[in-house]
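Student: I have not seen this structure before. Could we go through it step by step?

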Amino acid sequence: MAHPYDIAGSDENDYQVKEIRAHRKCYGVDQYLIAWEGLDTQHDTWEPVENLPGSEADIDEFLKQKTQEAEAAEALAAASKRKRLEDGPGEDEEDADATAGDSGEGNLEDAKNGKTKRRALV
């Protein structure tokens, strides 16, 4: 496969896909950020699937890996949320309830009943 920057269009240089680094949709077209074998990262290019013949297996593996990462992140977030719900309000939340009011002088019962002590500014 000739590299997209090969303006002359010669087949002297045949570049191979080294790695698929990212995915995006651009104007409804799936594109993949390609690292090319033998080239620095400054030469990575966004390519549509039709510019990547023979790379279908690499694309499938990339998408599978990204799906697994997303599922793992969702599972971690759900577990974290479950733990927060099971643990109940933290000490910080209880302290905030106890010190409700402008001056923080209200006691816990006043804060729970929505009553706060206010001082006039002189």
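Tutor: This is a predicted model. A polar contact of 2.8 Å links the side chains of Gln31 and Arg24.

Student: In which strand is the place of Gln31?

Tutor: Gln31 has contacts beyond its neighbours within four places in sequence, among them Ala22, His23, Trp46 and Glu47. The place of Gln31 itself is in strand β2.

Student: Is Gln31 buried or exposed?

Tutor: Buried means under 20% relative accessible area. The relative accessible area of Gln31 is 13%, so Gln31 is buried.

Student: How many of the eight residues of strand β2 are buried?

Tutor: Strand β2 covers residues 29-36. The strand is largely enclosed by the rest of the structure, because the number of its eight residues that are buried is six.

Student: How many bridges join strand β1 to β2?

Tutor: Strand β1 takes in residues 17-26, and β1 and β2 run antiparallel. In β2, Tyr32 stands opposite His23. The hairpin of β1 and β2 has two residues between the strands, and Tyr27 there takes a positive phi near 55°. The number of bridges joining β1 to β2 is eight.

Student: Which residue in β3 is the bridge partner of Leu33?

Tutor: Strand β3, residues 45-48, pairs with β2 in the antiparallel sense, over four bridges. In β3, the partner of Leu33 is Trp46.

Student: How far does helix α1 reach from its first C-alpha to its last?

Tutor: Helix α1 spans residues 56-87 and has 32 residues. At 1.5 Å a residue, 46 Å is expected. Gly88 follows the helix, with a positive phi near 80°.

Student: What is the angle between the planes in the aromatic pair of Tyr32 and Phe62?

Tutor: The count of aromatic pairs comes to one. This pair is formed by Tyr32 and Phe62, with 6.2 Å centre to centre. Planes over 60 degrees apart count as edge-to-face. The pair of Tyr32 and Phe62 is edge-to-face, and the angle between its planes is 90°.

Student: How many residues apart in sequence are the parts that this pair ties together?

Tutor: Tyr32 lies in strand β2 and Phe62 in helix α1. The pair therefore ties together parts whose separation in sequence is 30 residues.

Student: What is the relative accessible area of Phe62?

Tutor: The limit for buried is under 20%. Tyr32 counts as buried at 4% relative accessibility. Phe62 is buried too, with a relative accessible area of 6%.

Technical notes
Residues are numbered from 1 along each chain as its sequence is written. This is a predicted model: local features need pLDDT of at least 70, side-chain atom pairs count only at pLDDT 80 or more; totals for chains, interfaces and linings use all residues. Side-chain values use heavy atoms; hydrogens and water are left out. Buried means under 20% relative accessible area, exposed over 50%, partly exposed in between (1.4 Å probe, protein chains only). Two strands pair if DSSP finds at least two bridges between them. The expected span of a helix is 1.5 Å times one less than its number of residues. Rings of Phe, Tyr and Trp (its six-membered ring) pair if their centres lie within 6.5 Å; planes under 30 degrees apart count as stacked, over 60 as edge-to-face and the rest as tilted. A polar contact is a pair of N or O atoms within 3.5 Å; within protein, one must be able to donate a hydrogen and the other to accept it, and residues adjacent in sequence count only if both atoms are side-chain atoms. Contact means heavy atoms within 4.5 Å.
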